[in-house]
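Here is a short tour of the structure, meant to be read with the model open beside it.

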Protein chains: 2
Amino acid sequence: MAKDLASRRRQEMIEALRAGGHRLTPQRLAVVDILAQSENHPSVEEVFRRVRRDFPTTSLATIYKTVSLLKQMDQVLELGFAHWGSRYDGKKPFAHPHVICTRCGAIADPEYPGMQKLAQEMAKKSGFRISHHRLDFFGLCPRCQRRS
Amino acid sequence: MAKDLASRRRQEMIEALRAGGHRLTPQRLAVVDILAQSENHPSVEEVFRRVRRDFPTTSLATIYKTVSLLKQMDQVLELGFAHWGSRYDGKKPFAHPHVICTRCGAIADPEYPGMQKLAQEMAKKSGFRISHHRLDFFGLCPRCQRRS
DNA sequence: ATATTATGGAAAACGATTATCCGGTGATAG
DNA sequence: CTATCACCGGATAATCGTTTTCCATAATAT
């Protein structure tokens with residue numbers, strides 16, 4: 001049976017850190033593990049809380065530094081929001097659509113293969129040279145619909 | 001000849017303010033005018049600078065308050081970014097795609113009619129009840145391409 | 001082992017935005 | 001006409017997520 005996505009991403013992130021000449025400290029490994037495994041697109045705060053379970057003295061700044069580092073090397077995708085804070089996706093560190101619950105903050109990853117073509121169309125119409133994109137849908141997740 | 005978009009939007013915003021029981025102060029009118037006319041999706045800071053040409057004592061807080069008010073009544077579209085500040089669209093105050101220049105900050109509005117259908121597809125796939133969306137493309141505008 | 005460099009932790013700084021306070025203004029009722 | 005009163009603008013302080021700074025420590029190279 002093939003390695004699952006989480007452990008593959010873990011390895012890729014570790015490899016990227018090594019390749020970039022960065023040290024593999026226990027704190028960094030903890031952050032990597034969490035980002036590689038989480039299904040829920042955690043915030044820095046969430047990563048922080050989870051790292052603290054194993055390394056209680058860890059500082060929030062360390063999490064920010066490590067996440068930024070991984071972001072720089074395109075090993076995590078940042079979903080930055082203007083009003084609520086940012087969320088991070090370590091499983092699919094490339095642009096893809098998201099669906100965000102405006103009540104509870106849940107985030108899902110629906111598939112949509114047509115983005116490449118759409119980006120080309122927009123490039124043609126606008127004259128821009130497009131490098132990346134962002135596609136977010138906002139609404140209520142199934143659970144919050146029941147409760148509303 | 002029909003009224004152009006800018007003056008129509010101006011009227012709609014004024015009407016919305018009146019309908020909401022808000023006063024039409026000179027400062028608010030100035031903000032409305034700028035948002036109705038701008039092609040460039042101005043930031044609050046830009047609106048501020050332009051209002052100051054006519055009302056030099058205006059405070060930044062006033063601009064924020066007025067823009068928020070118009071945003072609340074869906075008379076301007078906010079394009080909030082996590083790292084750079086927010087930009088505002090008073091001409092088309094509803095969700096539509098944008099193309100953003102990562103060098104100079106220029107923003108264009110390419111047409112794309114297919115969003116409605118795409119949103120429905122995503123709703124079906126994810127089970128979310130989708131209320132709005134956001135579609136941004138990032139890259140270099142034609143002018144910045146020449147200079148790169 | 002020793003020198004060099006990167007790192008983690010604590011705290012301060014940061015920047016866009018929001019809230020608070022207050023004095024003035026304009027609409028409204030009597 | 002004027003007293004009232006909610007609304008508004010302006011100045012300033014506060015907020016919040018994030019970034020920076022500083023220093024002691026730990027890892028790596030010589």
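Of the 148 residues in chain A, 30% count as buried, meaning that 20 or more other C-beta atoms, placed from the backbone, lie within 10 Å of the residue's own. This is a predicted model, in which local features need pLDDT of at least 70 and side-chain atom pairs count only at pLDDT 80 or more, while totals for chains, interfaces and linings use all residues. Residues are numbered from 1 along each chain as its sequence is written, and chains are lettered from A and ligands numbered from 1 in the order in which they are written.

Chain A has 6 helices and 5 strands, in the order α-α-α-α-β-β-β-β-α-β-α from the N terminus. Helices are DSSP runs of H or I with at least four residues, and strands are runs of E with at least two.

How do the copies relate?

Now to the DNA. Among the 18 residues around DNA strand C, the nearest are A:Thr25, A:Ser59, B:Ala61, B:Gly85 and B:Ser86; near means a C-beta atom, placed from the backbone, within 6 Å. The residues of this surface divide as follows:

| Class | Residues near DNA strand C |
|---|---|
| Nonpolar | 5 residues |
| Polar | 10 residues |

Definitions and conventions:
A residue is buried if 20 or more other C-beta atoms lie within 10 Å of its own, exposed if 12 or fewer, and partly exposed in between; C-beta atoms are placed from the backbone. Ala, Val, Leu, Ile, Met, Phe, Trp, Tyr, Cys and Pro count as nonpolar, Asp, Glu, Lys and Arg as charged, and the others, Gly among them, as polar.
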